[in-house]
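These are my notebook entries on a single chain.

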Amino acid sequence: AMDRVPSSDESAVHSFVRHHDGGDGQEPDTVIGIFNFSAVERTVTLGDGPYGGTYTDAMTGGVREIRPGTVLSLAPWAPLVLTTQVPLPGLTRPES
């Protein structure tokens with residue numbers, strides 16, 4: 001199931017979380033999608049929801065903690081896709 005993640009700017013930034021329990025033989029996973037649907041940079045604070053934890057950015061491989069109250073800045077039209085599945089298939093982590 002997919003659940004909406006409330007934010008401080010829902011008129012321009014849409015966000016959701018989806019949990020996969022791994023019941024079909026795959027690894028359990030949680031994905032958060034946060035999308036800026038505007039032509040200007042947006043800074044948002046995430047609201048309450050069942051999504052606190054450590055996530056990997058599906059596009060960069062960077063790791064970040066996400067919890068209710070987390071503040072994020074998103075470039076114009078930018079997506080942010082985060083997952084708990086590590087390592088991501090086909091993604092090589094950047095050197096630290």
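I looked up Met 2 in the model, which is predicted, and found that its bridge partner in E2 is Arg 18. Strand E1 (residues 2-4) pairs with E2 in the antiparallel sense over 3 bridges. For pairing I required at least two DSSP bridges between two strands. Strands (E, at least two residues) and helices (H or I, at least four) are DSSP runs numbered from the N terminus.

I noted the conventions. Residues are numbered from 1 along each chain as its sequence is written, and side-chain values use heavy atoms, with hydrogens and water left out. As the model is predicted, local features need pLDDT of at least 70 and side-chain atom pairs count only at pLDDT 80 or more, while totals for chains, interfaces and linings use all residues.

I followed E2 to its next partner. E2 and E3 pair in the antiparallel sense over 8 bridges, and Ser 15 stands opposite Ile 34 in E3. I then turned to E4 (residues 42-45), which runs antiparallel to E7 and is joined to E7 by 4 bridges. Val 44 stands opposite Leu 72 in E7.

I counted the elements. The chain has 0 helices and 8 strands, and its pattern along the sequence is β-β-β-β-β-β-β-β.

Ring centres of Phe, Tyr and Trp (its six-membered ring) had to lie within 6.5 Å; planes under 30 degrees apart count as stacked, over 60 as edge-to-face, and the rest as tilted. The Phe 16 and Phe 35 rings have centres 6.0 Å apart and planes at 15°, so this pair is stacked. Phe 16 lies in strand E2 (residues 13-20) and Phe 35 in strand E3 (residues 29-36), so the pair ties together parts 19 residues apart in sequence. I also recorded that Phe 16, Phe 35 and Phe 37 form one aromatic cluster.

I checked exposure, taking buried as under 20% relative accessible area, exposed as over 50% and partly exposed as in between (1.4 Å probe, protein chains only). Phe 16 is partly exposed at 26%, and Phe 35 is partly exposed at 23%. Of the 96 residues of the chain, 34% count as buried.

I examined the largest nonpolar core, which has 15 residues. Such a core is a set of buried Ala, Val, Leu, Ile, Met, Phe, Trp, Tyr and Cys residues joined through side-chain atoms within 4.5 Å. Among the residues with the most contacts inside this core are Ile 32, Ile 34 and Leu 72. E2, E3, E7 and strand E8 (79-83) each give two or more residues to this core. Strand E7 (residues 71-74) has a covered face of Leu 72 and Leu 74 and an uncovered one of Val 71 and Ser 73.

I listed contacts of Ile 34 (heavy atoms within 4.5 Å). Leaving out residues up to four places away in sequence, Ile 34 touches, among others, Val 13, Leu 46, Leu 72 and Leu 80.

I finished with Thr 70, placed in the loop between strand E6 (63-66) and E7. Thr 70 is buried, at 16% relative accessible area. Its side chain reaches the backbone oxygen of Arg 67 at 2.7 Å. Beyond residues up to four places away in sequence, Thr 70 touches Val 44, Thr 45, Leu 46 and Glu 65.

Methods: Polar contact = N/O pair within 3.5 Å; in protein donor to acceptor, adjacent residues only side chain to side chain.
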